[in-house]
Amino acid sequence: MSTLTAIHPRQALFGTESPSPVLPVCDHYAGVEARMRKSLALQAELGGKAGHAVFDVTLDLEDGAPVGGEQEQALLVAELVNSPANVFGRVGVRVHDPRHPRFEDEVDTLIRLAGHRLAYVMVPKLGDVQETRRAIETIKVARLQHGVGHIVPVHGLIETHRALQQVADIAALPGLESLSFGLMDFVSEHRGAISASAMGVQGQFTHPLVLRAKLEIAAACHAARITPSHCVVTEFKDSHALAKAAEKACRELGYTRMWSIHPDQIPVIVDAFAPVVAEVDDAVEILAAAQAAHWAPTSHRGVLHDRASYRHYWYVLERAWLTGQPLPVDIEAAFFGSP
């Protein structure tokens, strides 16, 4: 198809705008050594079929390290990030919160030993804008001090009333790539005013205060052009409930990424966040026709399309690629191949 050598959609549709981060739709957390190694092996296996990582692995220092064993856990995580098991370079780490006495030491150790291969650093329990800014600056200073040439993106966790009140300003901070919602801590902050059922797979989508928090975080992230990441579903053995929750988070609440806490959750989340086949087919046809028309308006099945709808269908196609859906060979090579 000769038109595929024309201007790439990213250039044609977004020009000089800063590109939004393109992150895998699933973020899998593991903190015990055996599970961390299994997660990396699964990432390599599934990614080998797609040709790229279809989910991220976050190695956990906050919940994974025993009290008094934080330094040993940091050294283990650095070793795994540097190991051949990190096939795609899509391994991040969750450190302790900025008020924890080990926060700066953990950041320094990880950046010093593995900064060149870290995909991101997740910082939990963000208190407010100032604390988030200090956390980002701490990571930046460590990166510069240890000669890490690439920017290490920061992911953050919104779990408190104050952080939610300031979420739009937090999301707009330079260096931040994604924000997640800390469901259980947020419910606990209400001092019993929200029932425990709101932590479950059903209640978290129906309680007004929890739903409001999710919507505000998603809206703030989209306004700041960063990635909103949905919270966990703790009922990890109920794949049907997980699938419904993931579909609701993606298709109704505007989330483009979701946490996993068990390997069985990963394929369910990836499938739920993948666009439906019919929409992918439309995206292929519409974008190919648009490129052939040098991105002027076109008609597809009697409906007019221009750059606004082209951008939408580009995101659809990009999500299909991220989730490992099969695409026409020429489209994949031209739009997602190596430069």
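The model is predicted. Two packed helices are described by the angle between their axes and the distance between the axes. H12 and H13 cross at roughly 125°, while H2 and H3 cross at roughly 15°.

**Helix pair H12 and H13**

- Helix H12 spans residues 277-292 and helix H13 spans residues 307-322.
- Their axes come within 9 Å and cross at roughly 125°.
- The crossing of H12 and H13 is left-handed.
- H12 contributes Glu279, Val280, Asp282, Ala283, Val284, Ile286, Leu287 and Ala290 to the contact.
- H13 contributes Tyr310, His312, Tyr313, Trp314, Val316, Leu317 and Ala320.
- By class, the residues of this contact are twelve nonpolar, one polar and two charged.

- Asp306 sits in the loop between strand E10 (303-305) and H13.
- Asp306 and Ala290 are separated by 16 residues in sequence and by 8.1 Å in space, C-alpha to C-alpha.
- Ala290 is also one of the H12 residues in the contact with H13.
- Trp295 lies in the loop between H12 and strand E9 (298-300).
- Trp295 is buried, with a relative accessible area of 3%.
- Phi of Trp295 is near 70°, a positive value in a residue other than glycine.

**Helix pair H2 and H3**

- Helix H2 covers residues 33-50, and helix H3 covers residues 70-82.
- Their axes come within 12 Å and cross at roughly 15°.
- That angle is under 35 degrees, so H2 and H3 count as roughly parallel to each other.
- The crossing of H2 and H3 is right-handed.
- From H2, Glu33, Met36, Arg37 and Leu40 meet Gln73, Leu76, Val77, Glu79 and Leu80 of H3.
- The residues of this contact divide into five nonpolar, one polar and three charged.

- Asp97 is found in the loop between strand E3 (91-94) and helix H4 (103-114).
- The Asp97 side chain reaches the backbone nitrogen of Arg99 at 2.8 Å.
- Leaving aside neighbours within four places in sequence, Asp97 is in contact with Phe103, Pro124 and Lys125.

**Arg225: positive phi in a loop**

- Arg225 is in the loop between helix H9 (208-224) and strand E7 (227-230).
- Phi of Arg225 is near 60°, a positive value in a residue other than glycine.
- Arg225 is partly exposed, with a relative accessible area of 33%.

**Ala171: a buried helix residue**

- Ala171 belongs to helix H7 (residues 167-171).
- Ala171 is buried, with a relative accessible area of 2%.
- Not counting residues up to four places away in sequence, Ala171 touches Leu176, Leu179, Ala220, Cys221, Ala224 and Ile226.
- Ala171 and Asp264 are 93 residues apart in sequence and 31 Å apart in space, C-alpha to C-alpha.

Definitions and conventions. Residues are numbered from 1 along each chain as its sequence is written. This is a predicted model: local features need pLDDT of at least 70, side-chain atom pairs count only at pLDDT 80 or more; totals for chains, interfaces and linings use all residues. Side-chain values use heavy atoms; hydrogens and water are left out. Helices (H or I, at least four residues) and strands (E, at least two) are DSSP runs, numbered from the N terminus. A polar contact is a pair of N or O atoms within 3.5 Å; within protein, one must be able to donate a hydrogen and the other to accept it, and residues adjacent in sequence count only if both atoms are side-chain atoms. Contact means heavy atoms within 4.5 Å. Axes are lines fitted to C-alpha atoms, for helices over the stretch in contact, and angles run from 0 to 180 degrees between N-to-C directions. A crossing is left-handed if the near helix is turned anticlockwise from the far one by less than a right angle, and right-handed if clockwise. Ala, Val, Leu, Ile, Met, Phe, Trp, Tyr, Cys and Pro count as nonpolar, Asp, Glu, Lys and Arg as charged, and the others, Gly among them, as polar. Buried means under 20% relative accessible area, exposed over 50%, partly exposed in between (1.4 Å probe, protein chains only). Angles under 35 degrees count as roughly parallel, over 145 as roughly antiparallel, 65 to 115 as roughly perpendicular and the rest as oblique.
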